Amino acid sequence: MGRSAKVVVTGATGQVAYALLPRIAAGEMFGPDTEVDLRLSDIPQMIDKAKGVVMELEDGAYPLLSQVTANADRAVTHKDIDWALLVGSKPRGPGMERGDLIRENGPIFVGEGRAIAQHASPGVRVVVVGNPCNTNCLIARNAAAGVPSDRWTALTRLDQNRSRSLLAGKAGARVRDVKKLVIWGNHSATLFPDFTNALVGGRKATEVVDRKWLETEFLTSVQQRGAAIIAARGASSAFSAAQATVDHVRSLMTPTAADDWASVAVVSDGSYDVPEGLVSSFPVRVAGDGYWEIVRGVQLDDFARGRVSASIAELEKERTIVQDLVAGAAAR
Ligand code: NAD
C-alpha cells in the first residue's frame, strides 16, 4: 500500500452516490493498492442525512477507507482533492424543459469550478455526472481559472455500456467481444453510439447485424434508454450510473487495450470539427503514461457524420443558453 487518493463526491445523499460510495470505499475505483480519503459533499439541508451515509461507510469497515467525512462547505470537502466526482444537481421537475434544467443547475457548477480552482490539488481530475453533464462540465471548467482543460471530463460511459450490451444481445455475442463502440456528442437524446466503427468478435458490427436495425431500433433504444428506465422503475438509473462512473475513472487511469477505445466527454480541441471548448464525447485512448488523447483518423460515413453534427449543434445551443455563466464565471 503506498498510494492514496482524496476524493469528493457531491450530491452525496442522492441515489447515484448511494450506489457509488460503497464501491469507491471497497477499492473498485482506485484499485486494491490505493487508500481513499472520501469526502461527502451536499447542500446544508442534506448534511444530517449525509452523516447517516458516513455511518454506513464506517460500518463497512473497508480496509482501504482511510477517512470519511461529510460537509456542506466546499473549502473543507474540496481541500487538496485528487478527484472531484460531481454528481450533485437538481433533478428535472415536472414540465421542466432541458433548457430550464440547464439554467437551474448551471450556477451549481460555477461554484464547483471555483472551489476546484481554489482548493483542489494541482493534479486534480474532474468527472461531471450531474445533468446536463456536458454543459455543466463546460461551465465548471470555465469557472476554474488555472485548472488545465485536460482535467475535465463528463460521463457518457453509461451510454457506451448500454449500447455495448444491446449490440451484444442482438449479435448473440458477449459484451466483452464488442469493441470500439463509443459515444459521440452530448449525453442526451441526440447522442450517437457509433456502430459504423464498432467491432463484434473482431468483425465490423455492420456485417454482423442488420444495418437498418442499427440505424433505427438500436439508435433510438440507446438514446431513449434513460427515459425507459424512469418509465419502468419510477426512478432514474442509479447503480448503472455508478458502475459507469467506476468504469470511467478506471479507463482514465489504465492504458486502453490495443483493440478498443473508451467514450469520454472531454474539452474539444477542435477535432472532428467539434468547436473548441465544447465538452463532447469522443473516442479516447489512454497511453501507458496515463495521459488520454482523442483517437485520430476515425472515419465517419455520411450517416454517422449527420448524427454527430446534430448532437454538436445541440451542445452549441446549450452553450448559448449558459453564455453568461460561462463568460463571467472565472471573473467573479
Ligand atoms: P438525486 O435526486 O437522488 O440526488 C441529487 C443530489 O444532488 C442530492 O444529493 C441533492 O441533495 C443534491 N443537490 C440538490 N440540489 C443541489 C444543489 N443546488 N447543489 C448541490 N447539490 C444539490 O439524483 P441522482 O439520481 O443521484 O442523480 C444525480 C445526478 O446525476 C442527476 O443530475 C442525474 O440526472 C445525473 N445522472 C447522470 C447520468 C449520466 O450518465 N451522466 C446517469 C444517471 C444520473
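These questions and answers cover salt bridges and pockets in a predicted model.

Visitor: How many salt bridges does a search of the whole structure find?
Guide: The search covers the whole structure. A pair counts when a side-chain nitrogen of Lys or Arg lies within 4 Å of a carboxyl oxygen of Asp or Glu. The total is 15.

Visitor: Is Arg151 buried or exposed?
Guide: Arg151 forms a salt bridge with Asp150, with the closest N and O atoms 3.2 Å apart. Asp150 has 30% relative accessibility, so Asp150 is partly exposed. The cut-off for buried is under 20%. Arg151 has 18% relative accessibility, so Arg151 counts as buried.

Visitor: Which helix holds both Glu215 and Arg211?
Guide: Their side chains meet in a salt bridge, 2.7 Å from N to O. Glu215 and Arg211 are four residues apart, about one turn of the helix. Both lie within residues 211-223, which is helix 8.

Visitor: What separates Lys212 and Glu215 in helix 8?
Guide: The side chains of Lys212 and Glu215 meet in a salt bridge, 3.6 Å from N to O. Lys212 and Glu215 are three residues apart in helix 8, so the separation is about one helical turn.

Visitor: Which residues are linked with Glu215 in a network of salt bridges?
Guide: Glu215 pairs with Arg211. Glu215 also pairs with Lys212. Glu215 is buried, at 18% relative accessible area, while Arg211 is partly exposed, at 26% relative accessibility. The residues linked with Glu215 in the network are Arg211, Lys212 and Asp301.

Visitor: Which element gives the largest share of the lining of the largest pocket?
Guide: The largest pocket holds about 1,600 Å³ of space. Its lining has 47 residues, with Ser89, Pro91, Arg92, Asn131 and Ser236 nearest the centre. Elements that give two or more residues are helix 1 (15-25), helix 4 (98-119), helix 6 (157-171), helix 8 and helix 9 (225-233). The largest share, four residues, comes from helix 4.

Visitor: Which element gives the largest share of the lining of the second largest pocket?
Guide: The second largest pocket holds about 330 Å³ and is lined by 18 residues, with Arg157, Gln160, Arg164, Ser251 and Asp260 nearest its centre. Helix 6, strand 7 (178-179) and helix 10 (239-253) each supply at least two lining residues. The largest share, four residues, comes from helix 6.

Methods: Residues numbered from 1 in each chain as written. Predicted model: local features only at pLDDT ≥ 70, side-chain atom pairs only at ≥ 80, totals over all residues. Heavy atoms only, no water. Buried < 20%, exposed > 50% of the residue type's maximum accessible area, 1.4 Å probe, protein only. 1 Å grid on protein atoms, 1.4 Å probe; cavity = no way out; pocket = protein on both sides within 12 Å on 5 of 7 lines; lining within 4 Å. Points joined across faces, edges and corners; volume = space filled by probe spheres on them.
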